[in-house]
Amino acid sequence: MAPLHVEPTVRDSVPRREGVTTVLLTTLNVVGVLVGYMITVVLARQLAHDEFEQYVGAIATLGLLASLGEAGFGKYGLRIVPVYVAGSQPSPLRGYLRFAFGGTLLMSLLVGVVVAMIETPMLEEGHRNVMFLAIVSLPVVAAAGVSIDLLMALQMATRATLISRVLVPLTTLWLVGLTSIDFGITPFRAVLCFCAGSMVGLIVAMSLLFGRSRHYADTATDTSVLSTWASDSFSYLVFYSLIAWLFRATLVVAYHVPHQGNQVAILAPAFETGCLILILAKATDKYFQPTIALGIETSQWHRLTEMRRTRFWVISTGIALFLATVFFAGDEILMLYGERFAESYVPLCIVAFGSSVWTLFSLSPTFLLFAGERRTLLSLLCIHAVGLVVLLVLFFEAFGAAGAAAAYAISISSFAISNLLFANRHFRKLRAQSANRKQQTRKPLQSLSDPNVS
């Protein structure tokens, strides 16, 4: 796709506005995290260990499959939609929205059918029903994720965050509480409440999306553009599916492989709590991704540097507070789940450290992806995805939940630091190339204005 011409719009107030927006989005995400945390605590207290493992395994598997079901359409939308919106010429924006949702539905159905055929016969009857419900709900959860990404791409970050981090978890919590009082909670009903919350979020998000898209012309979409969208989205699918694997594979693999006692149940609160810091990355990254796309498109390297500095101070402060809370108050936090989860403290500290390293540098892979360094990203992802599985098999069997947490922390920290090194190198390269082009452009103009040149 040829780059679109977009006029730079750098203003002195932009960094300040970004800082305020970052704090607002972070606050909304913290509210959502607290609500989501209440859901898990309620379920951990009301369900037996085996039932809680069923719920954790089903939701973890659903989250991983949803990343495949989204097929990269939402994430690619964060790259291309801001350019379409900012361009002066009519663009196929509405066509891309239809393409994204249609592709998500087809991909979700395909993934769901394949996984159902493989997964359900392998599980016991009680586990099978819970997992089958999660797989059936895959199109809804995947479409909800794509709709949130597209709202972000259309610069509707606050509304997108309200839906995904406040409306959906509040609805789920209300349904869990209502079900617990009226019928009694079970793993099947807990997964049903989770999926119903996603359905509510999908309906609201799609209403906002199509309401905003009416302001743009519905231009015809030719075959060449569709093939470009499909191929580029597939690249994003591979990238973000591997990313999702790095974050979700620990619980999924631990649930499906033979294990002693209730190690998955012990591991779940450690991940639920230790990964809370990731919400900072999720809150800010989707807000900054359109800025990165436009910055690369228009060579606004100073703009990108200011954005990075603003984000670093906000994120590093949050990480310091989070780690201090986990290390000094982790035992008390885990007691919310019940006394039987006291063993989760060591895995919690390990997971929290790895998640914090990733959160600090989480924009580095996005920059590499947007800058066209897909081969580098794919290589790093494949190496660390395979490494995670190897470490999980070795450490989980030997050390239980703490070993699985260590496998996660080592893999995700190594991946984050590797991306940072490659992103810094490529950023300096692009900035130098841009400076050279500007210098070469000035030389002919200087020669024309020099009276000594005949």
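**A helical chain: contacts, core and helices**

User: Among contacts in the chain between residues at least 6 apart in sequence, what share joins residues at least 24 apart?
Analyst: That share is 84%, where contact means heavy atoms within 4.5 Å. This is a predicted model, in which local features need pLDDT of at least 70, side-chain atom pairs count only at pLDDT 80 or more, and totals for chains, interfaces and linings use all residues. Residues are numbered from 1 along each chain as its sequence is written, and side-chain values use heavy atoms, with hydrogens and water left out.

User: How many helices and strands are there?
Analyst: The chain has 16 helices and zero strands. Helices (H or I, at least four residues) and strands (E, at least two) are DSSP runs, numbered from the N terminus.

User: And how much of the chain is buried?
Analyst: Of the 454 residues, 55% are buried. Buried means under 20% relative accessible area, with a 1.4 Å probe and protein chains only.

User: Which residues touch the most other members of the largest nonpolar core?
Analyst: They are Phe52, Tyr55, Tyr96, Leu150 and Val191, in a core of 133 residues. Helix α9 (residues 223–256) gives the most to this core, with 15 residues. Such a core is a set of buried Ala, Val, Leu, Ile, Met, Phe, Trp, Tyr and Cys residues joined through side-chain atoms within 4.5 Å.

User: What does tyrosine 55 touch?
Analyst: Not counting residues up to four places away in sequence, tyrosine 55 touches Ile39, Leu43, Leu47, Pro187, Ala190, Val191 and Phe194.

User: Back to α9: is serine 241 buried or exposed?
Analyst: Serine 241, which lies in helix α9, is buried, with a relative accessible area of 13%. A polar atom of its side chain lies 2.6 Å from the backbone oxygen of leucine 237. Leaving aside neighbours within four places in sequence, serine 241 is in contact with Ser67 and Leu68.

User: Changing topic, why is helix α14 described as largely enclosed?
Analyst: Helix α14 (residues 363–370) is largely enclosed by the rest of the structure because eight of its eight residues are buried. Among them are Leu363, Pro365 and Phe370. After α14 comes glycine 372, whose phi is positive, near 90°.

User: Last one: at what angle do α2 and α6 cross?
Analyst: The axes of helix α2 (residues 49–69) and helix α6 (residues 138–153) cross at roughly 65° and come within 8 Å. Axes are lines fitted to C-alpha atoms, for helices over the stretch in contact, and angles run from 0 to 180 degrees between N-to-C directions. Leu62, Leu65, Ala66 and Gly69 of α2 make the contact with Leu138, Val141 and Ala142 of α6.

Terms used
Buried means under 20% relative accessible area, exposed over 50%, partly exposed in between (1.4 Å probe, protein chains only). A polar contact is a pair of N or O atoms within 3.5 Å; within protein, one must be able to donate a hydrogen and the other to accept it, and residues adjacent in sequence count only if both atoms are side-chain atoms.
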